[in-house]
Amino acid sequence: MCRSIKTLRPPTTPEVTDEDIRAAALQYVRKVSGFRAPAAHNREVFDQAVDAVAAATQELLDGLQIRGSAGRRRAHP
């Protein structure tokens with residue numbers, strides 16, 4: 001569906017930043033909504049959706065258990 005969203009879990013991406021997560025969330029919301037840049041009257045709900053998807057993505061990545069990995073290695077800006 002969203003071909004430009006890259007895999008964010010190890011070992012594919014050993015260090016994931018908040019920017020990586022936000023970029024993936026933005027791509028997802030753009031695809032689902034059909035808007036690259038929403039009109040002013042849709043901006044608030046669009047941004048809320050990006051925040052919600054980013055939070056859900058972070059929760060998912062934090063909860064994943066990867067075999068052979070000592071734990072999640074996340075870069076903090």
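**Exercise 1.** Is R22 buried, partly exposed or exposed?

*Solution.* Before starting, note that this is a predicted model, where local features need pLDDT of at least 70, side-chain atom pairs count only at pLDDT 80 or more, and totals for chains, interfaces and linings use all residues. Residues are numbered from 1 along each chain as its sequence is written, and side-chain values use heavy atoms, with hydrogens and water left out.

Step one is the scale: buried is under 20% relative accessible area, exposed is over 50%, and partly exposed is in between (1.4 Å probe, protein chains only). Step two is the value: R22 has a relative accessible area of 36%, so R22 is partly exposed.

**Exercise 2.** Which side chain meets R22 in a salt bridge?

*Solution.* Start with the cut-off: a salt bridge needs a side-chain nitrogen of Lys or Arg within 4 Å of a carboxyl oxygen of Asp or Glu. The partner is D51, at 2.6 Å from N to O. Now place the two: R22 sits in helix 1 and D51 in helix 2, 29 residues apart, and the pair links distant parts of the chain. Helices here are DSSP runs of H or I with at least four residues, numbered from the N terminus. D51 is partly exposed too, at 44%.

**Exercise 3.** Track down the other salt bridges; a search of the whole structure finds three.

*Solution.* Take D20 and K6 next: their closest N and O atoms are 3.8 Å apart. D20 lies in helix 1 and K6 in the segment before helix 1, so this bridge ties together parts that are 14 residues apart in sequence. K6 counts as partly exposed, at 48% relative accessibility.

Then look at R43 and D47, which pair at 3.2 Å, N to O. Both lie in helix 2, four residues apart, or about one turn of the helix. R43 comes out at 35% relative accessible area and D47 at 29%, and partly exposed is the label for R43 and for D47.

**Exercise 4.** Which residues make up the largest nonpolar core?

*Solution.* The rule first: a nonpolar core is a set of buried Ala, Val, Leu, Ile, Met, Phe, Trp, Tyr and Cys residues joined through side-chain atoms within 4.5 Å. Applying it gives ten residues: L8, V16, I21, A24, A25, V29, F46, V50, A54 and L61. Helix 1 (18-33) and helix 2 (40-63) are the elements that give two or more residues to this core. For context, the protein has two helices and zero strands, and buried residues make up 23% of its 77 residues.
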